[in-house]
Amino acid sequence: MRRRLVCMLLPLAAGCAALPEPQPTALTGRLALNVEAFADRPAQALSAGFDLRGDARQGELRLSTPIGTTLAAAYWGPGEARLVTAQGERRFEDLEALSRDAFGEPLPLRALPDWLRGRPWPGSADTARTLPAGQGFEQLGWTVDLAQYDRGRWLAWRAGPPAVRLRAQLDAAP
């Protein structure tokens, strides 16, 4: 009887011992955003440290000052996106709405974890592109330049209007 019980429970115990799916490692560094003036909106510029964890499905992005004070934190998961700043917390239906509210422009935040890892986001079609200084790709109306990626430098831009430029210096080169 005891042996039969052990034989019945062993497959269940083995299923419980399955390893969790590995999470992508965090990316850290400096991020700079420039949005050109357009119509009645003035130009915008932001430079901050960043800590990005997760992927397109679920994650968080923290922006901080050079001394480590958190400026803003974005959190996302299925069906929700939240932005936490010194003014409080706001909820949005998706990351595009969050970025439009925070920066005045929709930024490719869902694709950013993949882009910063030097690859296209699998959630949308992309086109490989040879750029004057090296390799990259186009996706979601943005050009991602990987010419200096081996040195931890990354650049993406959208022609606009308004033109938007996003640069990153990763703490750890790939």
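Two strands pair if DSSP finds at least two bridges between them, and strands (E, at least two residues) and helices (H or I, at least four) are DSSP runs numbered from the N terminus. With that in hand, Ala 73 stands opposite Val 84 in E5. This is a predicted model, in which local features need pLDDT of at least 70 and side-chain atom pairs count only at pLDDT 80 or more, while totals for chains, interfaces and linings use all residues. Residues are numbered from 1 along each chain as its sequence is written, and side-chain values use heavy atoms, with hydrogens and water left out.

**The sheet**

- Eleven strands make up an open, antiparallel sheet, in the order E6-E5-E4-E3-E2-E1-E11-E10-E9-E8-E7.
- At the edges are strand E6 (88–92) and strand E7 (126–131), each of which pairs on one side only.
- On average, neighbouring strands are turned by 20° against each other, direction ignored (axes are lines fitted to C-alpha atoms, for helices over the stretch in contact, and angles run from 0 to 180 degrees between N-to-C directions).
- Strand E4 (residues 70–77) joins strand E5 (residues 80–85) through six bridges in the antiparallel sense.
- H2 lies across E1, strand E2 (44–54), E3, E4, E5 and E6, and runs at about 25° to E5.

**The cavity**

- A search of the whole structure turns up one cavity of 30 Å³ or more; on a 1 Å grid over the protein atoms alone, a cavity is a set of points where a 1.4 Å probe fits but cannot get out, and lining residues have an atom within 4 Å of a point.
- The largest cavity has a volume of about 80 Å³, a volume being the space filled by probe spheres set on the points, which are joined across faces, edges and corners.
- Its lining includes Leu 31, Leu 61, Phe 103, Leu 109 and Leu 166.
- Strand E1 (27–35) and strand E3 (59–64) are the elements that give two or more residues to this lining.

**Two buried residues**

- Leu 109 sits in the loop between helix H2 (95–103) and helix H3 (112–115).
- Leu 109 counts as buried because its relative accessibility is 10% (buried means under 20% relative accessible area, with a 1.4 Å probe and protein chains only).
- Beyond its neighbours within four places in sequence, Leu 109 is in contact with Leu 61, Leu 95, Leu 98 and Ser 99, where contact means heavy atoms within 4.5 Å.
- Thr 143 is found in strand E9 (residues 142–145), and at 7% relative accessibility Thr 143 is buried too.
- Leaving aside neighbours within four places in sequence, the contacts of Thr 143 include Arg 129, Phe 137, Glu 138 and Trp 157.

Methods
On a 1 Å grid over the protein atoms alone, a cavity is a set of points where a 1.4 Å probe fits but cannot get out, and a pocket is an open set with protein on both sides within 12 Å along at least five of seven lines; lining residues have an atom within 4 Å of a point. Buried means under 20% relative accessible area, exposed over 50%, partly exposed in between (1.4 Å probe, protein chains only).
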